[in-house]
Amino acid sequence: MLSIRDLHARIGARNILKGVDLEVRPGEVHAIMGPNGSGKSTLASVLAGRAGYEVTHGTVEYLGLDLLAMEPEERARAGVFLAFQYPVEIPGVNNAYLLKAALNAIRRQRGEPEVDAFDFLSLIRDKMKLMQMDESFLSRGVNEGFSGGEKKRNEILQMAVLEPKLALLDETDSGLDIDALRVVANGVNSLRAPDRAIVLVTHYQRLLDYIEPDVVHVLSDGRILRSGDKSLALELEKRGYDWVRQEAAVA
Amino acid sequence: MNAALAEESLASYGVAFESARAVAGETEAVRSQAFARFAELGFPAARDEAWKYTSLRRLESRRFQAARRSADASDRPDVAALSPCRVMLVNGTVVDRSALPSGLRVRTLDEALRDGEPQSALLRVATGGGTERFAALNVALCADTVVVDIDERAAPEHPLHLVLVSAGAEAHMAHPRVLIRAARGSTAGIVLHHAGDDGAERFVNSFVEVEVATEATLRLYRLQAAGTRSFLIERIEATVGARASLLMHDAALDASLSRLDLNVRLAAPGAATELSGLFLADGARHLDSHVRVDHLAPDTTSLVDYRGVAAGRGRGVFNGKAVVHVDAQRSNARQTNRNLLLTPGAEIDSKPELEIYADDVKCSHGSTTGQLDPAALFYLRSRGLGEREARSALTRAFAGAVLSRMDLAPYAAAVHAVLDERLNRLLETPA
């Protein structure tokens with residue numbers, strides 16, 4: 001589904017990604033872990049098409065498409081979804097409008113008719129229940145005045161409505177208390193499906209107590225140093241990131 | 001502009017004045033005096049502070065014929081009705097008056113004079129400010145004065161839709177003049193609607209005087225949709241009495257060059273005003289709004305919130321001034337101006353000013369000019385919205401703060417329609 005080969009990227013003159021290789025197949029959940037500044041968020045941003053990053057080398061193939069050649073909205077319509085680490089507040093654009101416009105953009109791409117108001121509302125209601133969100137959220141500005149936890153829940157709500165093929169979650173667990181973390185994890189787990197891949201970018205292991213990954217990668221200084229199953233995350237928790245770095249240096 | 005050209009320009013207004021004088025009748029003396037004042041002031045010099053960001057050289061170089069006094073049906077363009085009661089002026093002359101509800105009267109200058117209204121009230125030259133010259137020219141050349149009276153304690157069910165049309169194939173000028181008097185305790189709404197076609201370059205020099213008497217509430221909805229090739233200069237002079245309110249909405253959407261001088265005097269204790277405006281300076285439009293509020297009495301309140309959007313080669317100017325005079329204790333003056341530049345060539349100049357001579361007051365002003373937030377744009381695009389739709393949604397959100405306050409549905413719909421059409425067109429080619 002997603003093949004990243006020898007990806008190099010920089011911000012200005014600063015090289016951040018220095019040769020990332022990653023293979024994600026449908027149905028898999030991958031966790032990309034790493035210390036601060038390792039390039040985790042850069043990787044998520046480059047995949048979603050955020051401006052300000054320059055890819056200097058490498059390729060990203062998504063469902064046979066050259067992902068890096070696509071505009072952010074083309075990626076979204078092709079089924080890529082990024083849950084933001086810092087969701088943006090947009091006063092004056094309300095949540096219902098955004099959800100509907102986004103859903104219809106994706107449906108048009110798939111050759112499906114736009115949703116009518118009735119179907120849209122019943123769909124949204126179900127998903128909001130899942131995320132334990134109050135309906136009043138719909139008429140509020142996008143993320144406007146939301147608490148940290150509400151913003152993250154709103155990201156997963158959007159993801160649940162848009163049903164992406166590839167979901168990238170950038171530090172979705174940061175700033176969440178344990179109850180909110182459960183709700184968010186529950187939302188993500190409900191979206192696990194054989195034709196959908198999920199990539200979690202996270203600093204801490206605790207999210208993985210709730211969302212069990214198939215593969216864990218350690219990203220450090222712009223490269224994936226080690227990959228393994230979920231036990232790697234536990235080992236990291238015990239031994240810290242330095243352990244992986246030292247092992248890599250020896251090898 | 002060199003002196004010879006200025007003289008030539010003045011001479012052409014002189015020709016128009018000579019023909020106006022021939023039919024001026026009893027108003028000749030007042031009009032002559034006004035024309036002399038215009039001739040004395042002339043067009044603003046380049047260094048004139050009140051015209052710092054708006055040059056009138058283009059206007060000064062043009063020659064306009066005085067519009068024919070005609071009531072030709074063919075001159076009446078199709079303007080959608082924003083209320084069942086409507087009065088229409090075409091090129092400065094009243095051509096159409098629908099049935100009006102009780103409590104609301106509309107007369108022409110001649111009718112008001114016949115009723116014994118003093119000339120001094122009907123044809124007053126407002127003094128001071130950058131547009132005094134045009135206020136004088138208006139008195140000299142206006143065809144009709146539309147006198148709108150709202151009777152004491154009247155509350156007409158529908159607002160009055162006052163349409164000032166500039167139309168026709170000739171490059172002519174019109175000097176519409178409106179006097180609105182809301183008598184004690186009345187409550188009414190008036191839509192002041194500038195409309196025009198693009199058949200020719202035209203000059204509209206409008207003067208509007210507003211008196212809101214004790215405990216009256218007047219809602220004024222201005223819709224500036226003059227022709228795209230028009231020069232529009234408008235001065236609105238409003239006086240608000242004790243415990244009275246002037247609530248104004250302004251949507252400046254068209255014209256090649258427009259200048260509004262909106263002067264509000266809070267003249268008695270408890271007078272209040274809310275002025276909420278939006279201007280859309282795209283294409284090559286130059287839209288200038290000068291808003292001044294004078295707090296002359298204690299316990300007066302003013303709230304000014306203007307938002308501007310510019311794109312293309314468009315240019316916006318906002319000058320907001322609140323003056324709190326020495327007697328205006330416990331006054332409250334708040335002023336905000338926010339501007340959005342959609343493309344790199346666009347420009348908005350904003351100058352908020354505050355002059356305070358009383359000591360027990362609450363005043364604030366703020367002004368910001370910026371672009372669409374790139375983070376918000378990316379967020380929307382990452383959800384599948386095209387760049388055009390994302391930019392449009394954010395621009396609407398920006399204008400929405402002002403639009404959402406427009407409490408007259410047909411007026412709000414008219415503003416939305418223009419905004420939608422123009423935003424769609426202007427976002428077709430992303431910056």
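**Close-up 1. The buried residues of helix 9 of chain B in the predicted model.** In this predicted model, the buried residues of helix 9 of chain B are B:Y411, B:A414, B:V415, B:L419, B:L423 and B:L426. They lie on the same side of helix 9 of chain B because they cover an arc of only 150 degrees around the axis. These buried residues pack against strand 9 (187-196), strand 11 (217-225), strand 13 (245-252), strand 15 (272-281) and helix 8 (387-403) of chain B.

**Close-up 2. The other side of helix 9 of chain B, with its exposed residues.** On this other side, B:A409, B:A413, B:A417, B:D420, B:E421, B:N424 and B:R425 are exposed. Helix 9 of chain B, with 19 residues (409-427), reaches 26 Å from its first C-alpha to its last, which is close to the 27 Å expected at 1.5 Å a residue.

Close-up 3. Although B:V324 and B:H295 are 29 residues apart along the chain, their C-alpha atoms are separated by 4.7 Å. Apart from neighbours within four places in sequence, B:V324 is in contact with B:H295, B:S331, B:A333, B:I356, B:Y357, B:A358, B:V361 and B:C363.

**Close-up 4. The contact between chain A and chain B.** Here 20 residues of chain A are in contact with 20 residues of chain B. On the side of chain A that touches chain B, helix 2 (72-77), strand 7 (90-94) and helix 3 (95-109) of chain A each supply at least two residues, and the largest share, five residues, comes from helix 3 of chain A. By class, this side of chain A has 15 nonpolar, two polar and three charged residues.

Key: Residues numbered from 1 in each chain as written. Chains lettered and ligands numbered in written order. Predicted model: local features only at pLDDT ≥ 70, side-chain atom pairs only at ≥ 80, totals over all residues. Helix = DSSP H or I, 4+ residues; strand = E, 2+ residues; numbered from the N terminus. Expected span 1.5 Å × (residues − 1). Buried ≥ 20, exposed ≤ 12 C-beta atoms within 10 Å, placed from the backbone. Arc of directions from axis to C-beta. Contact = placed C-beta atoms within 7 Å. Nonpolar A, V, L, I, M, F, W, Y, C, P; charged D, E, K, R; others polar.
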